[in-house]
Amino acid sequence: MTTTQTTAEIADRYFAAWRTADTAAFRALLADDVHFSGPLAQLDNVEDCATSLGRLAEATTDLVVRKRWIDGDDVITWFDLTVGNAPTAPVANWTHVENGRITRIQVTFDPRGMLAG
């Protein structure tokens, strides 16, 4: 990946990696010291983050992006996520990009359906 990619292109590749459960593609998009924060995990390095995202992607049965907002190096994506037989959860994902890599991911959603499923 080159640093000439736009924030939008990186966000597109992030969700493409999710749809194909491609852990190597996640790893290529993430900075070594990426920080992930969400209701089910707090991660602070590329290996843990790529592995965790890959596992979630493998369990994902549907992912529908509803809206994306881009402001400079920041992207907020609103999407519906279905994992296994759990009810679909609306998710807000805030991604920050620096030097062509994702340095921060913060997600917000209600995990109760996933945890019960």
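1. Two strands are taken to pair if DSSP finds at least two bridges between them. In this predicted model, β1 and strand β6 (residues 101-108) meet that condition, pairing in the parallel sense over four bridges. Within this pairing, Phe-36 has Ile-105 in β6 as its bridge partner.

2. On strand β6 there is also a pairing with β5, which is antiparallel and runs over seven bridges. Here Trp-94 stands opposite Gln-106 in β6. The hairpin formed by β5 and β6 has two residues between the strands, and in this hairpin Asn-99 takes a positive phi near 50°.

3. A further antiparallel pairing joins strand β3 (residues 60-71) to strand β4 (residues 74-83), with ten bridges between them. Lys-67 is found opposite Trp-78 in β4. In the hairpin of β3 and β4, two residues again separate the strands, and Gly-72 has a positive phi near 65°. As a general point for reading such strands, side chains in a regular strand alternate between the two faces of the sheet.

4. Which residues make the nonpolar surface patch? Trp-69, Ile-76, Trp-78 and Trp-94 form this patch, whose area is about 410 Å². Of these residues, Ile-76 belongs to strand β4, and Ile-76 counts as partly exposed because its relative accessibility is 36%.

5. Turning to charged side chains, the count comes to four salt bridges. Side chains of opposite charge can pair when their charged atoms come close. One of the salt bridges is formed by Asp-12 with Arg-68, where the closest N and O atoms are 2.5 Å apart. This pair links distant parts of the chain, since Asp-12 is in helix α1 and Arg-68 is in strand β3, 56 residues apart. Asp-12 is partly exposed, with a relative accessible area of 43%, and Arg-68 also counts as partly exposed, at 24% relative accessibility.

6. Another salt bridge brings together the side chains of Glu-47 and Arg-27, at 3.0 Å from N to O. Because Glu-47 lies in helix α3 and Arg-27 in helix α2 (residues 23-29), the pair ties together parts that are 20 residues apart in sequence. Glu-47 is partly exposed, with a relative accessible area of 39%, and Arg-27 counts as partly exposed at 30%.

7. Is each partner in the salt bridge of Arg-66 with Asp-80 buried or exposed? Their closest N and O atoms are 2.7 Å apart, and since Arg-66 lies in strand β3 and Asp-80 in strand β4, the pair ties together parts that are 14 residues apart in sequence. Arg-66 is exposed, with a relative accessible area of 52%, whereas Asp-80 counts as buried, because its relative accessibility is 17% and the cut-off for buried is under 20%.

8. Finally, the largest pocket has a volume of about 300 Å³. Of the 19 residues that line this pocket, the closest to its centre are Leu-40, Ser-52, Leu-56, Phe-109 and Met-114. The elements that give two or more residues to the lining are α1 (7-20), β1 (30-38), α3 (46-59), β4 and β5 (89-98).

How values were computed
Residues numbered from 1 in each chain as written. Predicted model: local features only at pLDDT ≥ 70, side-chain atom pairs only at ≥ 80, totals over all residues. Heavy atoms only, no water. Patch = residues over 30% accessible without salt bridge, like charges linked within 9 Å, V, L, I, M, F, W, Y side chains within 5 Å. Areas by Shrake-Rupley, 256 points an atom, 1.4 Å probe, with all protein chains shown as cover. Buried < 20%, exposed > 50% of the residue type's maximum accessible area, 1.4 Å probe, protein only. 1 Å grid on protein atoms, 1.4 Å probe; cavity = no way out; pocket = protein on both sides within 12 Å on 5 of 7 lines; lining within 4 Å. Points joined across faces, edges and corners; volume = space filled by probe spheres on them.
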